Amino acid sequence: SGFATNGDEVWSTTVNKLSKTHQCHVVNYAGFAGQEPIDFPWLPKVVDGIEDYLTENSLKNIVVIGHSLGGTIGIKLAANAGLNISKLIIVDALPATGALMMPDFKPENMVYESPYNEQMLNRDDAAFSQIATGMAAGMTSNIQGQQQIIKWIKTTDRKTFVYGYTDYLKFDVREDLKQI
């Protein structure tokens, strides 16, 4: 699923259809939409956790379906030949979001301790709610969808939201595309 969302809710319709013929495993990211947060760096731990899950459960012929952040993670997973990924389906995902947003992109310049992150962490709930509302409006014109996105963002651990976005912006899997 995408950034700050609940995978169970995002993928429920798809899982209902696919589970008739396939075994489905839905990922919910630590710290997002009410999930318990983890220590940082966040995104590398999420990727490692998914890789461990796939290996420990001896899953074969895996089809990864990912949206946005989930699609980018899917690229990273599919590049790992040892994971038995047979297909990758990505929806609205980029291999390097930070590179698209910043002309002089260098992952090492994306750090947790920054004025922007500090400002985001220190916003009061009302100000953060306005940010969530603006983000949701930019993601969908569907009012019910906006309300769902706002709920997910507001129930996401604030530090995970802020530092997780830093991790996401520095996540660059362009070289991994060559392995797929």
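Helices (H or I, at least four residues) and strands (E, at least two) are DSSP runs, numbered from the N terminus. By that convention Pro41 falls in the loop between α2 (12-18) and α3, and the peptide bond that leads from Phe40 to Pro41 is cis, with omega near 10°. The model is a predicted one, in which local features need pLDDT of at least 70 and side-chain atom pairs count only at pLDDT 80 or more, while totals for chains, interfaces and linings use all residues. Residues are numbered from 1 along each chain as its sequence is written, and side-chain values use heavy atoms, with hydrogens and water left out.

**Packing of α3 and α9**

- Helix α3 (residues 42-56) packs against helix α9 (residues 158-170) at an angle of about 80°, with the axes 8 Å apart; axes are lines fitted to C-alpha atoms, for helices over the stretch in contact, and angles run from 0 to 180 degrees between N-to-C directions.
- The two helices α3 and α9 are therefore roughly perpendicular (65 to 115 degrees).
- On the α3 side Trp42, Leu43 and Pro44 take part, and they meet Thr160, Gly164, Asp167 and Tyr168 of α9, where contact means heavy atoms within 4.5 Å.

**Nonpolar core**

- A nonpolar core is a set of buried Ala, Val, Leu, Ile, Met, Phe, Trp, Tyr and Cys residues joined through side-chain atoms within 4.5 Å, and buried means under 20% relative accessible area, exposed over 50%, and partly exposed in between (1.4 Å probe, protein chains only).
- The largest such core has 37 residues, and those with the most contacts inside it are Tyr29, Trp42, Leu43, Leu69, Ile73, Ile85 and Phe161.
- At least two residues of this core come from each of α3, β1, α4, α7 (125-139), α8 (143-154) and α9, and α3 gives the most, with six residues.
- Beyond its neighbours within four places in sequence, Leu69 is in contact with residues including Ser1, Phe3, Tyr29, Trp42, Leu43 and Tyr168.

**Backbone and exposure**

- Most residues other than glycine have a negative phi, and most peptide bonds are trans.
- Ser58, in the loop between α3 and β1 (62-67), has a positive phi of about 45° although it is not a glycine, and Ser58 is partly exposed at a relative accessible area of 49%.
- Ser68, in the loop between β1 and α4 (69-78), also has a positive phi, near 55°, but Ser68 counts as buried at 15% relative accessibility.
- Leu100, in helix α5 (residues 97-101), is exposed, with a relative accessible area of 63%.

How values were computed
Angles under 35 degrees count as roughly parallel, over 145 as roughly antiparallel, 65 to 115 as roughly perpendicular and the rest as oblique.
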